[in-house]
Amino acid sequence: MPDIKHFNPDLVLDDAIQVFWRHGLPTTGIQALVTATGVSRSSLYATFGNKDGLYAAALGRYIAQHSTPAFAHLSQASSGLTSIEEFFAGLIEVRCSGPVAGWGCMVTNAYAGPECDDTGIRTLLEDHHQMLQSAMRAALANAADLGHLQPSCDLDASAAVLATLAYGVNLRSRAGAEAQALTDTVTAALAPLRAPLSPQEHPPQ
């Protein structure tokens with residue numbers, strides 16, 4: 001196996017993400033990480049400190065690779081409620097189909113497990129939550145500017161609700177919820193926020 005001088009830490013983290021994402025920290029043994037990464041135990045420990053250090057680094061890379069770009073896209077989108085619908089549609093598609101279906105979200109999984117007892121992990125999770133909620137609020141503000149929202153809509157409260165809904169989608173998909181059921185839940189959550197259609201916008205009967 002390669003020693004500490006002869007492997008790319010980022011590639012090792014990419015392999016470690018796959019193991020931790022699917023199985024979580026408590027049930028992942030160091031041998032599984034050695035096998036997945038192809039790097040010796042001593043080299044992993046020399047680079048990341050211990051299994052917990054490797055997990056923290058993997059979670060940070062997961063957030064940088066998966067969460068941060070999605071949140072940036074959502075916060076910069078200019079299609080109002082449509083951008084939020086598209087965010088949830090993409091989330092549901094990834095969670096319910098394809099190679100990582102049923103794995104949930106590594107961040108949400110960490111919230112639900114003992115990983116979040118660690119102060120460093122807790123900081124990563126809270127930073128992630130603030131990014132998500134801020135992105136939701138930015139999208140809602142754009143929706144308000146476009147006239148998509150009820151005039152009485154509280155942007156901060158609604159952003160908090162939608163951020164929490166994203167975690168719920170992740171958890172329910174890991175438990176085997178159907179994509180259509182999750183989509184229906186998102187539709188129901190957005191319905192009270194949506195401005196009524198004008199007479200000209202009503203579809204023909």
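Tutor: Buried means under 20% relative accessible area, exposed means over 50%, and partly exposed lies in between. Keep in mind that the model is predicted.

Student: Why is Y167 called buried?

Tutor: Y167 has a relative accessible area of 12%. The cut-off is under 20%, so Y167 counts as buried.

Student: What makes Y111 partly exposed?

Tutor: Its relative accessible area is 24%. That value falls between the limits of 20% and 50%, so Y111 is partly exposed.

Student: How many aromatic pairs are there?

Tutor: The count comes to six aromatic pairs.

Student: Why is the pair of F20 and Y55 called edge-to-face?

Tutor: Rings pair if their centres lie within 6.5 Å, and planes over 60 degrees apart count as edge-to-face. The ring centres of F20 and Y55 are 5.0 Å apart and the planes stand at 90°, so the pair is edge-to-face. F20 belongs to helix α1 and Y55 to helix α4, so the pair ties together parts 35 residues apart in sequence. F20 is buried at 2% relative accessibility, and Y55 is buried at 2%.

Student: What makes Y111 and Y167 an edge-to-face pair?

Tutor: Their ring centres are 5.4 Å apart and their planes are at 75°, so this pair is edge-to-face. Y111 is in helix α6 and Y167 in helix α8, so parts 56 residues apart in sequence are tied together.

Student: Which residues lie nearest the centre of the largest pocket?

Tutor: They are H66, A70, F71, F87 and L91, out of 23 lining residues. By class, the lining has 13 nonpolar, eight polar and two charged residues.

How values were computed
Residues are numbered from 1 along each chain as its sequence is written. This is a predicted model: local features need pLDDT of at least 70, side-chain atom pairs count only at pLDDT 80 or more; totals for chains, interfaces and linings use all residues. Side-chain values use heavy atoms; hydrogens and water are left out. On a 1 Å grid over the protein atoms alone, a cavity is a set of points where a 1.4 Å probe fits but cannot get out, and a pocket is an open set with protein on both sides within 12 Å along at least five of seven lines; lining residues have an atom within 4 Å of a point. Ala, Val, Leu, Ile, Met, Phe, Trp, Tyr, Cys and Pro count as nonpolar, Asp, Glu, Lys and Arg as charged, and the others, Gly among them, as polar. Rings of Phe, Tyr and Trp (its six-membered ring) pair if their centres lie within 6.5 Å; planes under 30 degrees apart count as stacked, over 60 as edge-to-face and the rest as tilted. Helices (H or I, at least four residues) and strands (E, at least two) are DSSP runs, numbered from the N terminus. Buried means under 20% relative accessible area, exposed over 50%, partly exposed in between (1.4 Å probe, protein chains only).
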